[in-house]
Every structure is written in structure tokens, then in C-alpha cells.
Amino acid sequence: MNAIKSEVRKTFTTKMWWALLIPITLISMLANAFGGLFENVVDVGDIPVALPSLLPISLSLTLNQLVVFAAVAGTIAAAGEFRHRTITTTYLVNSGRGAVLTAKLLIAAALGALYGLVASAAGSMVGLLAQEAKPDAADLLVTILVGVVVFALWGVVGAGVGLAVGNQVGALLVVLIYLLVGEQIISVALLNADSVAVNELSGYLPGNAGDVAVVTEPARGFAELIPSEVAGENAGNQLVEALTGVTNPPSSVVSLLILSVWTAVAVGLAAFFSGRRDIT
Amino acid sequence: MHDGSGRIIVNQISKRFGSVAAVNGLSFSVEPGVVTGFLGPNGSGKTTTLRMVLGLVRPTAGQALINGVPFGRLGEPAKVVGAVLEAQGFHPSRTARNHLRVCAAAIGVPDQAVDHALGSVGLAEAAARKVGGFSLGMKQRLALAAALLGNPQILVLDEPANGLDPEGIAWLRTFLRGFAAQGRSVLISSHLLAEVEQTVDHVIVISRGYTAYQGSLDQLRAGQRARVLVRCPDPARLAEALSKADVLEIDTLPDGRLAVTGAPLQKVAETALEAGVPIYELTEERADLEQVFLRLTSGQFAGGQPPFAQQGPPPGYGPPPGPGYGPPSGYGPPPGQYPPQHPPQPGPYGPPPGSGQYPPAQGGPPPNWGGR
């Protein structure tokens with residue numbers, strides 16, 4: 001408990017936590033104005049059906065773009081201690097390295113969840129105001145709930161990488177290069193294989209798993225609103241495939257489990273390396 | 001749990017970083033009630049040793065115990081041992097008070113302890129300022145405040161005088177002496193003996209990862225030989241008389257004084273009287289502790305003072321040639337030459353070359369001439 005209280009104070013006595021909230025809020029507000037813009041630009045009379053609310057879909061896609069901030073926040077919160085050499089003091093005053101590790105991972109999860117909530121709140125507010133068509137409340141809430149969980153998990157992954165690498169710049173490079181570039185390259189390689197089984201592996205990558213988890217419910221809900229003679233059979237899954245680039249994506253729950261396993265891997269690496277590291 | 005003794009025991013501890021042996025089988029103990037100085041040149045393994053004691057670095061072999069257990073099993077370590085280490089960092093945009101609040105929460109002491117600690121190191125007025133704007137001395141004080149938060153039984157300080165002004169050093173000295181006087185333990189490292197000479201009771205001297213000396217400072221002082229410095233109008237005659245009286249370790253200082261080792265002051269005075277040499281000045285000089293320290297840590301003289309020992313009559317004995325004589329850059333008499341104050345004089349003027357206790361023998365500066 002002492003370690004957690006200390007980590008909370010540590011996190012909220014510097015600017016990082018709210019500085020990262022600024023781009024998160026702005027991007028989410030801009031991106032979720034899309035439904036309203038779309039409604040204004042497209043002549044609704046040309047479409048045989050009423051345009052459904054785009055908010056759950058646009059919010060889910062926004063969250064997938066912003067989840068990197070949760071990972072970055074977790075990484076900085078954990079690895080910043082190595083950069084500023086405060087880790088020495090941290091280990092001297094806490095009751096053990098295990099307590100420090102646990103507290104840091106929990107704080108990273110909380111910070112990630114906070115970012116997910118703020119992004120959802122800002123985006124939902126703009127989306128609800130901008131578009132006349134209102135979303136199904138359950139769809140929107142499920143999107144937000146899954147998004148917050150995915151943000152929390154990515155916060156933990158970031159902190160885990162930070163503690164495992166033990167160097168802020170190195171850990172940030174690992175997280176950012178993987179999330180922004182690395183996973184795309186691996187996905188393309190997997191999707192270009194001839195075997196469907198290999199194609200399906202793309203759904204087991206951590207970034208894709210989080211994306212699929214967040215997008216699946218709003219995509220299915222959106223597809224249900226379109227008459228099946230227009231959308232065709234299995235439109236929900238096709239929409240998820242189109243939005244995430246994953247072949248035969250697993251369900252939302254399975255995808256969350258996949259991301260949880262990756263999170264556990266990061267935590268394991270963090271426990272292994274941070275328990276043995278010489279602080280010189 | 002720990003035994004509450006306030007004792008640190010380091011037993012055959014070693015640390016290798018790759019191929020570099022930073023610490024080699026070091027053993028020592030730190031007792032409560034005294035200030036123990038941990039001395040050695042830079043790079044001798046002090047910081048690594050202290051970090052092993054504090055559980056920050058894993059020993060390759062051996063162990064370090066605080067109150068009978070390794071640091072990691074102290075339970076609430078900051079309530080047993082407080083530490084101020086070199087390169088201990090602060091987040092530049094966190095205020096001093098917030099830094100201590102973070103520590104206080106981890107230690108499990110109430111927030112009132114924060115203001116008390118700030119006051120006790122003289123930082124109360126800077127409490128709301130960001131640490132990024134602090135001077136090195138203020139950071140040292142803040143680190144000390146953090147170390148004191150848990151009201152520990154043992155204090156470990158690594159080079160605490162760095163960055164402190166003379167007033168701060170004097171304050172720290174008084175503080176540490178008071179801390180030890182309460183029956184608590186202090187371990188303080190330094191690369192300069194003079195810096196901690198007035199603070200410490202016991203010293204542990206390490207050199208290249210080995211223990212070179214462990215014991216009280218008084219013993220270290222007492223073990224040193226004194227030399228007698230004589231100013232007289234005819235040093236050559238006095239030197240000859242002394243060597244006839246079996247006093248063989250005689251040296252000439254650049255200012256013309258004789259430095260006699262291995263004979264008491266009285267004997268030098270009596271010999272001079274018998275030889276009819278008037279004496280203008282006669283002083284006994286104890287070896288500077290810093291020199292002792294240098295010899296312990298480097299294994300040989302490393303400059304700073306002329307060697308106590310002799311030079312044999314060199315081949316080129318006589319009036320020195322023009323260029324190149326005189327003490328170069330202030331380091332003792334030039335080897336192989338006499339200072340110009342002395343008339344040329346044949347005869348033995350000390351033991352033969354090579355018989356002395358210390359290098360240099362004739363011919364050139366010691367290998368580490370002028371350097372440390």
C-alpha cells in the first residue's frame with residue numbers, strides 16, 4: 001500500500017500525466033466530429049436508409065489510434081525513474097523491488113484507464129453534439145468499456161517494457177517503433193502468406209488484438225443497422241476485417257484475452273529484469 | 001527480521017562488471033556509536049561497495065549484512081538505514097516537498113515528517129521550489145533529508161562533501177558526530193582523507209578493490225614515523241656528524257633544511273651541539289595523514305612532499321649544471337642533484353643508493369612522479 005501511495009504521488013507531482021491528456025482530448029474531439037461532418041456533406045436523400053450514428057465506430061477507431069499514448073504514459077512513468085536516476089531512492093525507501101514493480105504496474109493501468117476515459121468522454125461529447133442521429137447507448141458504453149480496458153492493458157505493457165529495458169529512451173523506442181511501424185510490417189508479412197492459418201495469426205499480435213477488441217462490437221452494431229440486402233451476409237465481420245486488417249478476427253473477448261497474455265509477458269519480463277538489475 | 005544492532009558487516013564481498021573486478025573480497029564492519037570513514041581513491045570500488053551494502057548492486061560473491069540480514073530482507077529498510085549516494089537523482093520539475101512526500105509515503109511515515117526533515121537540513125524556505133533549480137549543495141541537503149525521513153539507525157553517505165560549501169561541511173560534521181553520539185552508526189565515504197579527518201573515528205581504506213587498512217584513525221596516525229627538520233648554517237657538517245652517530249636517513253629539502261628520519265629530536269640537537277653546529281630551527285614533523293593515505297592506496301609515494309628517505313651520493317655530485325636544476329614543479333628535490341645551497345663536498349651523505357625504504361632511488365623520478 002505504501003508503494004502505491006508513493007507512486008500515486010510520484011505520478012501526479014509532475015506534468016507528464018496532464019500534458020499527454022491534451023493531445024488525447026484534442027484528437028478525440030476532432031476525430032469524432034466526423035459523423036456530423038459526414039451527415040452535412042452527404043445528401044441524405046441519395047441513400048435509401050437513414051444514416052446511423054457513426055459515433056461508436058468513429059470512437060472505436062479513435063481509441064485505437066490513441067492507445068499508443070497509454071503505452072507511452074506507462075513507459076515514461078516507469079522508465080523515467082531511470083532517466084532521472086530516482087530509481088535509487090525509490091529502491092532505498094520502498095520495502096522491496098517487488099512492491100515497487102507491483103505499484104508501478106497498477107499505476108500504469110490506472111493512468112491508461114484514465115486516458116481511455118478522457119478520450120471517450122471528449123469524443124462522445126463532440127460526436128453526440130455534432131450528429132443528429134444518436135447511437136444506441138449500449139453500443140457506445142460497450143465501446144467505451146472495452147476501450148478503457150485496452151488502454152489500461154497497454155499502460156501496463158508500457159510500464160512493463162520500461163522496467164524491463166531500464167532506460168527511458170530505449171523503452172520508448174521499443175514501444176513506439178513496435179506500435180507504429182513494427183506491427184504493421186509483421187501484419188503485412190503474415191497477410192501475404194498463402195496459408196489462411198498464417199493470415200489469421202495477425203489477430204494474435206498485441207496491437208491488432210486490442211484494435212479488434214475495441215472495434216468488433218460497434219462494427220457489428222453498425223452492420224446490423226444496414227439492411228442485409230444492402231450489406232450482405234456477415235457484414236459485421238467483414239467490417240471488422242476491413243477496419244483492422246486482421247483475417248477472420250477472433251471475438252472481442254478472445255482478443256482481450258490475447259492482449260492480456262501479451263501484457264502478462266511484458267510483466268514477466270519486467271519482474272525478471274527489474275529484480276536483478278544493478279542500480280549503479 | 002533484523003537484530004536492531006545498527007551494525008554493518010561486509011564479508012568477502014566481490015563485484016565484477018564484465019571483465020572489470022570493481023571490488024575484490026572486501027571485508028569490514030561498521031559499528032554503532034562511531035563515524036566510520038570509507039576511504040579510497042576514485043575508482044577504487046567505494047561506490048560499488050556502498051551500493052552492494054544497500055542492495056542496489058548484487059555482489060558476485062560474498063555478502064553484506066545490515067543488522068544481520070541483507071538489505072532486501074530488512075522489511076522497512078528506510079527505517080533502519082538512510083543513504084545519500086552520489087548520482088542520486090531528482091525529478092527536476094518536482095518540488096522539494098513533493099519529493100519528500102513521495103519518499104514519506106513509501107517509507108510509511110506521516111507527512112509532518114517531511115516538514116521536519118526539510119527544517120533539519122535548512123531547506124524549509126526552498127520547500128516549494130522545483131529541484132531542477134537547486135544547487136548541488138541544496139540537492140545534497142535534500143538527499144540527506146530523504147535519508148533522515150525514516151529516522152534510521154544507520155546513515156550511509158557517499159562523498160557527501162561534494163557540492164557543499166565550507167559552512168555546509170562544518171554543519172554536516174557536527175550533525176554526523178551528533179548522530180553517532182546517539183549510539184547510531186555512520187558510514188561516510190570520501191576520496192580525500194583530509195575532508196573527513198575531523199569527522200571520523202574509524203577508517204577503512206581501500207585500494208583497487210582490496211582493504212588496505214581498517215582501524216581507528218589514531219592508530220593510523222600513531223603508526224607513522226616522525227621526521228625532524230633542522231635549519232642550520234652548515235647542514236653538510238651536521239649531516240656528517242649525524243651519519244657518524246648512525247643516523248643514516250637524512251635528506252635535504254629544497255629550502256636547505258635537513259630532514260632527519262629515524263632519530264628523536266633530542267638526539268639531533270645533541271649531535272649538533274657536539275659537532276658545534278648552531279641550530280636556527282628544529283621542528284618535529286609528523287607525517288601528514290594524507291601521505292599515509294596515499295601510500296596505503298597507491299603502494300608508494302605519489303608526490304606532494306619530498307621523500308623522507310635519502311638520495312645516495314650521485315655520480316654527478318657537485319655544483320649543479322645550469323639548466324634543469326632546482327625542484328621541478330615543486331615536487332621535492334630533483335633526483336640525482338643537490339640543491340645549489342650546498343657547497344660541493346665529498347664524503348658519504350646518506351646511505352648508498354638503493355638501500356632506502358622508499359623509492360625513488362637515484363636516476364629519475366618515481367614512475368608516478370607528479371601524478372596521483
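Across the interface of chain B and chain A there are two salt bridges. This is a predicted model, so please hear every value as computed from it. In one salt bridge, the side chain of B:Asp111 meets that of A:Arg9, with N to O at 2.9 Å.

Now the interface as a whole. Chain B brings 33 residues to the contact and chain A brings 25 residues. The area buried between the two chains is about 2600 Å², and carbon and sulfur atoms give 55% of that area. Which residues of chain B lose the most area to chain A? They are B:Leu56, B:Arg94 and B:Ala106, and together they make up 21% of what the chain B side buries.

Back to salt bridges, this time over all chains. The structure holds 17 of them. One pair within chain A is A:Glu81 with A:Lys104, where the closest N and O atoms are 2.6 Å apart. A:Glu81 sits in helix 5, residues 55–83, and A:Lys104 in helix 7, residues 97–130, so this pair ties together parts of chain A that are 23 residues apart in sequence.

Next, the transmembrane annotation. An unreviewed UniProt entry places the feature "transmembrane region" in chain A at residues 16–37, 57–80, 101–128, 140–165, 172–191 and 253–273. I will take two of these spans. Residues 57–80 are 100% helix and 0% strand in the model, and their end C-alpha atoms lie 35 Å apart. Residues 253–273 are likewise 100% helix and 0% strand, with end C-alpha atoms 30 Å apart.

Last, the cavities. Counting those of 30 Å³ or more gives seven. I will stay with the second largest cavity, which holds about 100 Å³ of space. What lines it, and from which chains? The lining has 15 residues, and those nearest the centre are A:Leu92, A:Val93, B:Ala83, B:Ala146 and B:Ala147. At least two lining residues each come from helix 6 (87–93) of chain A and, in chain B, from strand 5 (81–84), helix 2 (96–107) and helix 4 (136–148). By residue class, the lining of this second largest cavity has ten nonpolar residues, five polar and no charged.

That is where I will stop.

Technical notes:
Residues are numbered from 1 along each chain as its sequence is written. Chains are lettered from A and ligands numbered from 1 in the order in which they are written. This is a predicted model: local features need pLDDT of at least 70, side-chain atom pairs count only at pLDDT 80 or more; totals for chains, interfaces and linings use all residues. Side-chain values use heavy atoms; hydrogens and water are left out. UniProt positions are given in the numbering used here, feature names are shortened, and annotations may be inferred rather than shown by experiment. Helices (H or I, at least four residues) and strands (E, at least two) are DSSP runs, numbered from the N terminus. On a 1 Å grid over the protein atoms alone, a cavity is a set of points where a 1.4 Å probe fits but cannot get out, and a pocket is an open set with protein on both sides within 12 Å along at least five of seven lines; lining residues have an atom within 4 Å of a point. Grid points are joined across faces, edges and corners, and a volume is the space filled by probe spheres set on the points. Ala, Val, Leu, Ile, Met, Phe, Trp, Tyr, Cys and Pro count as nonpolar, Asp, Glu, Lys and Arg as charged, and the others, Gly among them, as polar. Contact means heavy atoms within 4.5 Å. Buried area is the accessible area (1.4 Å probe) that two parts lose on being put together, summed over both. A salt bridge is a side-chain nitrogen of Lys or Arg within 4 Å of a carboxyl oxygen of Asp or Glu.
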